[in-house]
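Please examine the model shown below together with its sequence.

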Amino acid sequence: ADNGLALRVVGGGTWNVATGLIHAANNLLRTTLIELAHRLVRYDGRWQELYEKLKLNGKPTCVAICAIANRFTRCLYHEMKEVEIRLNEASQIKNSK
């Protein structure tokens with residue numbers, strides 16, 4: 001399922017404009033991830049720094065928060081992928097004995 005944090009791009013020919021977030025998404029998941037992003041910005045230094053950097057570059061608050069949520073989900077995906085690889089390797093070692 002799509003997390004709903006991707007930008008909706010409208011355009012034609014030689015121009016494209018980001019007009020908000022895509023509509024085809026799980027609204028509960030999107031809302032939860034945006035609330036999580038607010039918490040991350042408030043309580044975690046890594047995400048506070050990224051938020052401040054985005055704000056200094058002129059991004060509106062809502063855009064910065066969505067960027068944090070999107071980046072967090074990508075980080076989480078890669079961490080989970082690494083865990084899955086380690087579990088598969090451990091399973092293969094166990095089965096070879």
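This is a predicted model: local features need pLDDT of at least 70, side-chain atom pairs count only at pLDDT 80 or more; totals for chains, interfaces and linings use all residues.

Across the chain the mean pLDDT is 84, with 82% of residues reaching 70 or more.

In terms of secondary structure, the chain comprises two strands and three helices, arranged along the sequence as β-β-α-α-α. Its accessible surface amounts to about 7,400 Å², and carbon and sulfur atoms contribute 56% of that area. Of the 97 residues, 21% count as buried. Among contacts in the chain with a separation of 6 or more, 40% join residues 24 or more positions apart.

Several of its residues are buried, namely Ala64, Ile65, Cys66, Ile68, Ala69, Thr73 and Cys75. An α-helix has 3.6 residues a turn, so residues three or four places apart point the same way. Within the list of buried residues in α3, Ile65 and Ala69 can be compared with that rule on the displayed model.

The interior may be considered next. In soluble globular proteins, nonpolar side chains tend to be buried together. The largest nonpolar core here has 14 residues, and the members that touch the most others are Trp47, Tyr51 and Ile68. Helices α1 (27-43), α2 and α3 are the elements that each give two or more residues to this core. The largest share, five residues, comes from α3.

Which residues does Ile68 contact, leaving aside its neighbours within four places in sequence? They are Ala37, Leu40, Val41, Trp47, Leu50, Tyr51 and Leu54.

Trp47 also takes part in the one aromatic pair that the structure holds. Its partner is Phe72, and the geometry is edge-to-face, with 6.1 Å centre to centre and 70 degrees between the planes. Because Trp47 lies in helix α2 (residues 45-56) and Phe72 in helix α3 (residues 61-96), the pair ties together parts that are 25 residues apart in sequence. Trp47 has a relative accessibility of 5% and therefore counts as buried, the cut-off being under 20%.

Conventions:
Residues are numbered from 1 along each chain as its sequence is written. Side-chain values use heavy atoms; hydrogens and water are left out. Rings of Phe, Tyr and Trp (its six-membered ring) pair if their centres lie within 6.5 Å; planes under 30 degrees apart count as stacked, over 60 as edge-to-face and the rest as tilted. Helices (H or I, at least four residues) and strands (E, at least two) are DSSP runs, numbered from the N terminus. Buried means under 20% relative accessible area, exposed over 50%, partly exposed in between (1.4 Å probe, protein chains only). Contact means heavy atoms within 4.5 Å. Accessible areas come from the Shrake-Rupley method with a 1.4 Å probe; for residues, only the protein chains shown count as cover. pLDDT is the predictor's confidence in each residue, from 0 to 100. A nonpolar core is a set of buried Ala, Val, Leu, Ile, Met, Phe, Trp, Tyr and Cys residues joined through side-chain atoms within 4.5 Å.
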